[in-house]
Amino acid sequence: MKLSLLPPLIISLIYPCILFLGLFLSAVISDETKSYQKDRIYLLRSSNIINEIFAYNGNLVWFILFSFVASLQIYIRSHTFILLPHDIVDVDSKENVRAKLLKEYMVKFLLKVFILFVCFLIIDNIFILTGGSCAPGGATRSAEQCKALGGDWLGGFDISGHFCFLTNISLILWIELHHYSKYTEEEELQSRINKWIKRSLIVVEVVLYIWMFLLLVTSIYYHTILEKILGCIMGYACPLVMYWLIPNQPRMKSLLYAF
Ligand SMILES: CCCCCCCC/C=C\CCCCCCCC(=O)SCCNC(=O)CCNC(=O)[C@H](O)C(C)(C)COP(=O)(O)O
Ligand SMILES: Nc1ncnc2c1ncn2[C@@H]1O[C@H](COP(=O)(O)O)[C@@H](OP(=O)(O)O)[C@H]1O
């Protein structure tokens with residue numbers, strides 16, 4: 001069963017499930033065992049290559065995958081116009097569809113950047129306000145910049161950036177994959193999709209599963225319970241705005257989206 005065929009509401013339940021599974025495992029595994037495992041098992045360390053590539057460079061990974069899925073949707077939706085008899089659809093409407101969809105995806109990208117910027121502004125300032133800082137003596141108020149400066153982000157209430165970030169970027173891709181799967185199914189286009197596109201979509205889903213794995217590790221081995229729960233809740237900021245708030249505001253939807 002392809003997860004992307006499930007309704008977005010069902011897909012969005014994946015992340016609380018990962019959180020609570022991790023919280024359960026974290027509760028049944030002793031702190032000594034968790035500490036021993038983090039020291040001995042490479043994939044549980046903060047410096048592991050999967051965390052470095054898919055979390056710390058997650059924005060680049062996400063941008064590549066989002067650009068692919070967006071381009072695919074723009075192509076397939078305007079391509080469907082080409083399949084219709086020209087007396088129904090003229091070239092202008094095909095170009096018009098492409099322009100509208102391009103605008104929609106540029107807006108979605110900007111919204112993701114802006115919403116994550118606000119989320120991490122909140123996370124980092126709560127950390128600072130609760131006594132946290134970048135050590136040694138770093139003046140930065142950003143966890144990301146602190147890490148870039150080689151500092152240690154210590155001492156405050158540290159809402160999980162991994163849960164906030166990876167849940168947001170994953171849900172955007174899951175919902176776009178759902179829109180694509182639903183459209184190709186409705187238009188009976190599956191047989192017309194070449195194997196390279198199908199293989200590329202599998203790569204997108206593999207990355208989504210890698211992000212799920214990272215979040216399970218986060219939930220078992222890192223942070224306090226409340227830091228993870230709040231991080232997971234903040235993980236719904238982008239999908240709520242992009243796929244619920246705007247689509248349910250007709251004027252905003254017509255201004256910002258294609259249809
Ligand atoms: C017309 C459409 C309307 C759109 C709305 C306005 C659009 C305007 C666009 C932008 C507005 C200005 C916003 C400024 C953006 C400046 C660029 C940024 O700073 S975006 C950065 C957001 N932050 C992230 O993406 C953080 C990613 N997080 C990480 O990489 C973290 O290191 C980690 C989560 C992987 C690990 O966290 P840590 O706590 O362990 O360090
Ligand atoms: N799945 C995971 N794998 C490895 N390290 C993780 C992780 N989830 C969180 N961490 C580490 O836990 C710390 C806080 O993460 P976050 O706030 O993003 O949830 C970060 O370590 P550092 O403090 O060494 O950067 C981060 O790398």
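Biologist: Which helices each supply at least two residues of the shell around ligand 2?

Modeller: Helices (H or I, at least four residues) and strands (E, at least two) are DSSP runs, numbered from the N terminus. Here helix H4 (49-56), helix H8 (161-186) and helix H9 (195-221) each contribute at least two shell residues. H9 gives the most, with 3 residues. Please note that this is a predicted model, in which local features need pLDDT of at least 70 and side-chain atom pairs count only at pLDDT 80 or more, while totals for chains, interfaces and linings use all residues. Residues are numbered from 1 along each chain as its sequence is written, chains are lettered from A and ligands numbered from 1 in the order in which they are written, and side-chain values use heavy atoms, with hydrogens and water left out.

Biologist: How many residues surround ligand 2, and which are the closest?

Modeller: A residue is near a molecule if one of its heavy atoms lies within 4 Å of it. For ligand 2 there are 14 such residues, the closest being Tyr56, His162, Leu214, Thr218 and His223. The shell comprises 4 nonpolar, 8 polar and 2 charged residues; Ala, Val, Leu, Ile, Met, Phe, Trp, Tyr, Cys and Pro count as nonpolar, Asp, Glu, Lys and Arg as charged, and the others, Gly among them, as polar.

Biologist: Which atom of ligand 2 lies 2.6 Å from the side chain of His223?

Modeller: A polar contact is a pair of N or O atoms within 3.5 Å; within protein, one must be able to donate a hydrogen and the other to accept it, and residues adjacent in sequence count only if both atoms are side-chain atoms. In this case, an oxygen atom of ligand 2 is 2.6 Å from a side-chain N or O atom of His223. A nitrogen atom of ligand 2 lies 2.7 Å from a polar side-chain atom of Thr218, and a backbone N or O atom of Leu214 lies 2.7 Å from a nitrogen atom of the ligand.

Biologist: Is Ser12 buried or exposed?

Modeller: Buried means under 20% relative accessible area, exposed over 50%, and partly exposed in between (1.4 Å probe, protein chains only). Ser12 counts as buried because its relative accessibility is 13%. Ser12 is found in the loop between helix H1 (8-11) and helix H2 (14-28), and a polar atom of its side chain lies 2.6 Å from the backbone oxygen of Leu9.

Biologist: What does the secondary structure of the protein chain come to?

Modeller: The chain has 12 helices and 2 strands. Buried residues make up 43% of its 259 residues.
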